[in-house]
Protein chains: 2
Amino acid sequence: MLDVLTGPDLTIAHVKAAHQRIKPHIHCTPILTSSYMNELTGAELFFKCENFQKAGAFKVRGASNAVFGLSDAMAEKGVATHSSGNHALSLSYAAGRRGIPCHVVMPRTAPEAKKAAVRGYGGIITECEPSTTSREAVFAEVHEATGADFVHPYNDPRVIAGQATCSLEMLDQIDTMDAVIAPIGGGGMISGTCLTLSNLAPGIEIYAAEPDQADDAARSFRAGHIIADDAPNTIADGLKVPLKENTWHFVSQFVTDVLTASEQEIIDAMKLTWERMKIVMEPSCAVPLATILRNPEVFRGKRVGVIVTGGNVDLDKLPWTLG
Amino acid sequence: MLDVLTGPDLTIAHVKAAHQRIKPHIHCTPILTSSYMNELTGAELFFKCENFQKAGAFKVRGASNAVFGLSDAMAEKGVATHSSGNHALSLSYAAGRRGIPCHVVMPRTAPEAKKAAVRGYGGIITECEPSTTSREAVFAEVHEATGADFVHPYNDPRVIAGQATCSLEMLDQIDTMDAVIAPIGGGGMISGTCLTLSNLAPGIEIYAAEPDQADDAARSFRAGHIIADDAPNTIADGLKVPLKENTWHFVSQFVTDVLTASEQEIIDAMKLTWERMKIVMEPSCAVPLATILRNPEVFRGKRVGVIVTGGNVDLDKLPWTLG
């Protein structure tokens with residue numbers, strides 16, 4: 001376990017330690033470029049393909065850092081989280097690699113496919129009712145019964161330090177960059193990006209991208225304090241969660257701007273990427289490109305790292321084939 | 001223009017010259033691996049991602065070799081072909097890079113999206129009726145009127161030498177291989193693979209993969225002479241064309257075996273690759289994996305190069321979303 005309690009305590013040493021710790025368990029994902037996308041945007045885009053990451057998303061970086069940072073005594077009791085998305089998959093994967101249990105609290109109404117995927121990585125699911133009250137109560141029971149270490153999907157400094165290894169790799173892989181852009185939900189990836197770049201390359205701009213229909217980070221950024229969305233509804237379902245104190249610390253201090261895009265712009269950018277770059281990515285990952293296309297003047301002539309955060313999509317329900 | 005007339009005249013020197021000639025115009029595409037796919041098959045698979053190639057398919061290798069091998073006098077009159085698939089796109093792309101015209105004869109009934117894609121790369125389309133008679137008549141007219149150089153999609157030795165550069169790169173990128181597998185339609189890619197490997201690494205087995213429902217290459221291979229399919233019908237629409245004398249030369253001499261897969265096996269392998277590897281590829285490209293899964297004993301324990309030939313898919317008509 002990292003000897004830190006809050007976001008402000010994190011240093012670049014934590015990021016480098018995280019990278020050494022998780023390297024055997026993750027991919028150093030490739031950078032893809034596309035002359036078509038460069039012509040379209042007037043920028044030079046470098047896509048960091050975390051959709052090719054273990055368990056299909058960058059979340060495995062933070063999850064692995066938490067799991068492999070535990071003492072043997074702590075690890076024995078396993079880890080626990082509540083999530084129905086990529087964090088649950090990633091934590092299950094990392095726990096499986098260490099050979100310890102991973103407890104996941106999920107609403108009983110979550111899609112069977114998601115439950116199967118978590119179980120496929122070895123996660124142990126406890127179902128709750130689809131309400132915050134039930135989730136918290138059930139999670140407390142599981143936590144109490146198992147003594148497992150709680151790994152929050154993004155508000156945990158160990159998780160932020162893990163996500164920070166993504167931009168650490170980008171600094172190595174890409175000659176120079178003027179800006180980096182990534183989607184923002186709870187802010188784990190953006191916070192990690194801020195942590196790395198503010199220390200190693202403070203001249204690089206950091207843009208956060210989110211849906212118009214879940215624009216709590218943009219509103220928080222402008223207001224200067226955390227504003228949560230009231231039941232946001234967007235196709236980019238990884239981006240519905242609110243900022244928390246540890247991620248707000250980085251967003252408020254180091255982010256250049258938070259840009260937004262409409263649902264249609266997100267779907268168009270997603271389809272365009274599949275068509276032209278031949279990669280499968282989640283709606284959330286299309287948000288950065290959608291905001292670049294909406295704000296070309298911000299990026300024109302710049303070398304921009306674009307973090308493609310994950311590729312776990314239900315191929316039976318693609319947004320452009322739905323009526 | 002290469003100073004050769006038939007397949008048997010081709011040497012490894014032609015392949016190396018082709019590689020030098022086309023390098024500025026193509027990508028050296030990456031190799032992807034997947035521990036999931038390795039566990040599933042019991043083999044070690046190395047996916048050569050020609051779906052990330054310029055114009056979305058390996059065909060740009062052969063097309064570029066033909067286009068950039070022309071003398072200035074020849075080039076001035078442009079190039080011509082009849083194709084409604086990746087060869088038309090690739091030839092248009094290569095001609096555009098050289099700044100010469102590319103004439104494409106296509107049935108007027110071809111999907112508008114395909115016509116738009118060819119025009120998008122600068123190709124000049126002349127429409128014919130959807131019959132072989134009309135296609136040949138219209139092509140003869142275009143050829144006569146323009147004096148353009150005819151570049152056949154696969155039976156042209158310049159094209160075979162170009163496709164051969166793919167396995168040349170693989171020998172560089174992958175430590176050792178026991179086998180290479182690629183889809184077979186007209187046999188251009190497989191012939192190029194034979195040309196390179198029979199010269200540089202004759203110990204590597206070469207497997208050709210095709211649909212049960214277009215198994216003319218398998219039947220030809222067993223019969224010892226070319227047998228054409230009678231109106232084959234398969235989702236792997238790039239693989240419907242028959243072998244010709246220049247490709248038959250290589251297939252008959254150097255291929256280890258021709259394996260086949262059913263339509264459902266092809267669709268399942270395609271979806272599995274999208275889901276687990278997060279790459280967009282054509283149905284044709286899923287045929288090798290489908291045959292590996294059908295014949296695990298052939299590949300178990302081997303290091304196998306799998307050529308993913310292209311990624312030009314109609315995202316509005318994915319086979320698993322069709323009723």
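How close do the axes of H8(A) and helix H9 (residues 188-200) of chain A come, and at what angle do they cross? Let's find out, one selection at a time.

**Before you start**

This is a predicted model, in which local features need pLDDT of at least 70, side-chain atom pairs count only at pLDDT 80 or more, and totals for chains, interfaces and linings use all residues. Residues are numbered from 1 along each chain as its sequence is written, while chains are lettered from A and ligands numbered from 1 in the order in which they are written.

**Stop 1: two helices in chain A**

Select residues 188-200 of chain A for H9(A), and 157-173 for H8(A). Helices here are DSSP runs (H or I, at least four residues; strands are E, at least two), numbered from the N terminus. The two axes come within 7 Å and cross at roughly 55°. Each axis is a line fitted to C-alpha atoms, for helices over the stretch in contact, and angles run from 0 to 180 degrees between N-to-C directions. H8(A) and H9(A) are therefore oblique to each other. Angles under 35 degrees count as roughly parallel, over 145 as roughly antiparallel, 65 to 115 as roughly perpendicular and the rest as oblique.

Now show the side chains. Among the residues that meet are A:Val159, A:Ile160 and A:Leu171 in H8(A), and A:Met189, A:Leu195 and A:Leu200 in H9(A). Contact means that the C-beta atoms, placed from the backbone, lie within 7 Å. This contact divides into 10 nonpolar, seven polar and no charged residues. In this count Ala, Val, Leu, Ile, Met, Phe, Trp, Tyr, Cys and Pro are nonpolar, Asp, Glu, Lys and Arg are charged, and the others, Gly among them, are polar.

**Stop 2: the two domains of chain A**

Colour domain 1 (7-58 + 156-321) and domain 2 (60-150) of chain A separately; the bounds come from an automatic or database domain assignment. Their centres, taken over C-alpha atoms, are 24 Å apart. Where they touch, 25 residues of domain 1 of chain A are in contact with 17 residues of domain 2 of chain A. On the domain 1 side, helix H1 (12-22) and helix H8 of chain A each supply at least two residues. Which helix gives the largest share of that side? H8(A) does, with eight residues. That side of domain 1 has 10 nonpolar, 10 polar and five charged residues.

**Stop 3: H1 and H3 of chain A**

Next, select helix H3 (residues 59-69) of chain A together with H1(A): their axes come within 9 Å and cross at roughly 85°. That makes H1(A) roughly perpendicular to H3(A). Look for A:Ala18, A:Arg21 and A:Ile22 in H1(A), which meet A:Arg61, A:Ser64, A:Asn65, A:Phe68 and A:Gly69 in H3(A). By class, the contact has three nonpolar, three polar and two charged residues.

**Stop 4: both chains together**

Finally, show chains A and B. A rotation of 180° with 0.0 Å of shift along its axis superposes chain B on chain A (RMSD 0.0 Å). The copies are superposed by least squares on the C-alpha atoms of residues with pLDDT of at least 70 in both. The two copies are thus related as by a two-fold rotation axis. To find that axis, select B:Ile279: in chain B its C-alpha is the nearest, 2.2 Å away. The same surface serves both copies, as 100% of the contact residues of chain B recur in chain A.

How many residues of each chain are in contact? There are 15 of chain B and 15 of chain A. The chain B side has seven nonpolar, four polar and four charged residues.

Technical notes: Contact = placed C-beta atoms within 7 Å.
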